[in-house]
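These are my notebook entries on one structure. I set out what I looked up, entry by entry.

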Amino acid sequence: MHGAERTAADRSAADPWLSVVVPVFNEEENLAELHRRLSAALGSLDRTYELLLVNDGSRDRSLELLRELTAADPHVVVIDFNRNYGQHAAVFAGFEASRGEIVVTLDADLQNPPEEVPKLVAKMEEGYDVVGSVRVARQDTLFRRLASRLVNRITAAATGVELSDYGCMLRAYRRQVVKTLCASQEISTFIPVLADMFAGRVTEVPVAHAERARGESKYSIWKLVRLQFDLMTSFSLWPLRATMVLGIATSAAAMGIALVLAAGRLIYGAEWAVSGVFTLFALLFSFVGVLLFALGLLGEYVGRIYQEVRRRPRFVVRQVLRHASVDREETR
């Protein structure tokens, strides 16, 4: 990049209208293609932009490659964490560093094609505060698709926020929504739902979805379960209320069984009651199981409250890397 082209790129990076935030964790195999395709897509918009790549404690060569991108491209800003804090923390770091009126989030694995970003930007220009995306013809396994469908249904019912695809990272936010998100200092949260609670106009657009060509998925089954717990306990008291209803039903059932046993003893004598001792044990264990489940759920809420009141930072940034020309522009 030389001469007039470099000067135009410098001006674009110094005053971006569009910010694109991409969390990066062990994506060395995808970074070069991601940068090439994303730069081409953003360049076609004829808007100034910046590309914020958040290195979330990668253990491969991702940071080295990101450093090379900042040296070559004035649009690229790298935020480097001192360890891995998770995808949501990385997105929040990108939000806090972003300067554009429109902020787009995108995964680095290229399963959401960067060429779809202009479609979201065009929708935002119609006046929406948040534009989500719905993956069409998903290239995931049957288990992932079924689990995602279940999560979408449960989340919509628990939060009251109707979205078709909570798991798709390709989303666009207006600056005012991003400011409100950054002011919300919650540690355990889910950004799509939180954003939609603060947004005035929300819509979704269909986007393409590609199979992961290189690298491995960072979401294990356990991480998906934890994400679901974040969703359920961060935005709703519905699990506590459901457990209370279950407790009432269990108490009513226990009282009914006690009445049956008392009546049986009076009608058939003491021997009848002794013959049912194993049934009683089974019922007792069932009730204890319900009680332990309720205690565990209550503990989950208490634990999250404990995490929040400590007010610890969500992440620690080790360094921020920018192109030399952008650094000079900011120090003037």
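**Entry 1: terms and source.** I call a residue buried under 20% relative accessible area, exposed over 50%, and partly exposed in between, with a 1.4 Å probe and protein chains only. The model is predicted, so I note that local features need pLDDT of at least 70 and side-chain atom pairs count only at pLDDT 80 or more, while totals for chains, interfaces and linings use all residues. Residues are numbered from 1 along each chain as its sequence is written, and side-chain values use heavy atoms, with hydrogens and water left out.

**Entry 2: two loop residues.** I looked up Asn26, whose place is in the loop between strand 1 and helix 2. Helices (H or I, at least four residues) and strands (E, at least two) are DSSP runs, numbered from the N terminus. Asn26 counts as partly exposed because its relative accessibility is 22%. Its phi is near 55 degrees, a positive value in a residue other than glycine. I then turned to Asp46, in the loop between helix 2 and strand 2. Asp46 also is not a glycine and has a positive phi, near 60 degrees. At 72% relative accessibility, Asp46 counts as exposed.

**Entry 3: the chain as a whole.** I found 13 helices and eight strands in the chain. Of its 332 residues, 44% are buried. The accessible surface comes to about 17400 Å², and 60% of it belongs to carbon and sulfur atoms; such areas come from the Shrake-Rupley method with a 1.4 Å probe, and for residues only the protein chains shown count as cover. I also looked at contacts (heavy atoms within 4.5 Å). Among those between residues at least 6 apart in sequence, 84% join residues at least 24 apart.

Entry 4: In what order do the eight strands of the open sheet lie? I read the order as 7-5-6-4-1-2-3-8, with mixed pairing. Strand 7 (202-207) and strand 8 (317-322) stand at the edges with a single partner strand each, so one side of each has no neighbour in the sheet. From one strand to the next, the twist averages 20 degrees. Two strands pair if DSSP finds at least two bridges between them. Strands of a sheet pair through backbone hydrogen bonds, either parallel or antiparallel. Strand 1 (residues 18-24) and strand 4 (residues 102-105) run parallel and are joined by four bridges. In one of these strands, strand 4, Val103 is the bridge partner of Ser19.

**Entry 5: helices on the sheet.** Helix 5 (residues 117-124) packs on the sheet and touches strand 1, strand 4, strand 5 (130-135), strand 6 (171-174) and strand 7. The direction of helix 5 makes about 155 degrees with that of strand 7. Helix 8 (residues 191-198) lies across strand 5, strand 6 and strand 7, and runs at about 35 degrees to strand 6. For these angles, axes are lines fitted to C-alpha atoms, for helices over the stretch in contact, and angles run from 0 to 180 degrees between N-to-C directions.

**Entry 6: salt bridges.** I counted as a salt bridge a side-chain nitrogen of Lys or Arg within 4 Å of a carboxyl oxygen of Asp or Glu. By this rule the count comes to twelve salt bridges. One of them joins Arg47 and Glu125, whose closest N and O atoms are 2.7 Å apart. Arg47 lies in the loop between helix 2 (31-43) and strand 2 (49-55) and Glu125 in the loop between helix 5 and strand 5, so the pair ties together parts 78 residues apart in sequence. Arg47 is partly exposed at 37% relative accessibility, and Glu125 is partly exposed at 48%.

Glu96 and Arg314 also meet in a salt bridge (3.7 Å, N to O). Glu96 is in helix 4 (residues 87-97) and Arg314 in the loop between helix 12 and strand 8, so this pair ties together parts 218 residues apart in sequence. Are these two residues buried or exposed? Glu96 counts as partly exposed at 43%, whereas Arg314 is buried at 13%.

Arg174 forms a salt bridge with Asp129, at 3.9 Å between the closest N and O atoms. Both Arg174 and Asp129 are buried.

**Entry 7: Gln185.** I placed Gln185 in the loop between helix 7 (175-183) and helix 8. Gln185 touches Glu308, Arg311 and Arg314, not counting residues up to four places away in sequence.
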